[in-house]
Amino acid sequence: TTEGEAYVTLVTSDAYVVGALVLAQSLRRSGTTRPLVCLATSHLAADCVASLRELYDVRFVAPLDSGDEHSLRLLGRPELGQTFTKIQLWTLTDLKKAVFLDADMMVLKNIDDLFEREEFSACADVGWPDCFNSGLFVCKPNLDTFNGLWKLAQTQGSFDGKISAISLFFYLPAFERNKNEVRAVHFIGSTKPWHFSRFSDGQVAARGDGTKVHLEYVQMWWNLHDEFIKPKAR
Ligand code: UDP
Ligand code: MN
């Protein structure tokens, strides 16, 4: 039975709402029947919450900050402190199992088989320190786990990095060979699909700032956006 299973994402600021909306459409298009849950903080504007509610079961959680200013400074991503709100996924104890996805992800093909995986499952992040990418993972909400993670953050802080941001570009031949098997895309880094400008025909414009990204996927993201999101906004 799939009861108690859900896809969960996180939105702590208005800028990421559009990401969550496109993610939801991509999940729906993948043919999943699992419910979609969105962790949100009270920072969000009322109209943002309303548009999320059309696609998600929105659950408000307290904004948590890793409080690790030092590490975020090293990383050059001060906005990432609030991503720690994510660990409150473990407080959703009405869920037996959750597949978490960052709001900057897009699903290309059905990933429901991930619900068969055990806690904790995630993809290895390429490079040192060889942990995992927190953009997509499988877990079982549990208050003891939540408390443990929160305590760990208070005592140890965070130490991961952003080495994987250009990983695909080191492995282009392998990517070309296996790209048909790609089922989910994570737009990591500070430049997100919604930051790209486009020509009047909808074509995504390459950025002149050296941002390394597969424009093909950014285009797919925008096509989904145009198909499902924009008509509603009008
Ligand atoms: N997030 C958010 N608002 C922010 C920053 C982050 O809602 O201002 C959430 C969102 O779900 C996002 C996740 O936290 O996908 C992790 O941040 P991000 O994806 O920017 O980190 P990256 O994947 O680039 O390391
Ligand atoms: Mn992300």
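This is a predicted model: local features need pLDDT of at least 70, side-chain atom pairs count only at pLDDT 80 or more; totals for chains, interfaces and linings use all residues.
Local features were taken at pLDDT of at least 70 and side-chain atom pairs at pLDDT 80 or more, while totals for chains, interfaces and linings use all residues. Residues are numbered from 1 along each chain, chains are lettered from A and ligands numbered from 1 in the order written, and side-chain values use heavy atoms, without hydrogens and water.

Helix α2 spans residues 46–53; helices (H or I, at least four residues) and strands (E, at least two) are DSSP runs, numbered from the N terminus. Its buried residues (under 20% relative accessible area, 1.4 Å probe, protein chains only) are C48, V49 and L52. Because these cover an arc of only 100° around the axis, they lie on the same side of α2; the arc is taken from the directions from the helix axis to the C-beta atoms. The face turned away from this side carries A46 and D47, both exposed (over 50%). The cover over the buried residues includes β1 (5–11), α1 (17–29), β2 (36–40) and β3 (57–60), with contact meaning heavy atoms within 4.5 Å.

The manganese ion (ligand 2) is coordinated at 2.2 to 2.3 Å by D102 (OD), D104 (OD), D104 (OD) and H186 (NE2). Donors are N, O and S atoms within 2.8 Å of the metal (3.2 Å for Na, K and Ca); water is not among the atoms, so sites may look incomplete. The donors follow the spacing D-x1-D-x81-H. D104, in the loop between β4 (97–101) and β5 (105–107), and H186, in strand β8 (residues 184–186), are 82 residues apart. D104 is buried at 4% relative accessibility, whereas H186, at 23%, is partly exposed (between the two cut-offs of 20% and 50%).
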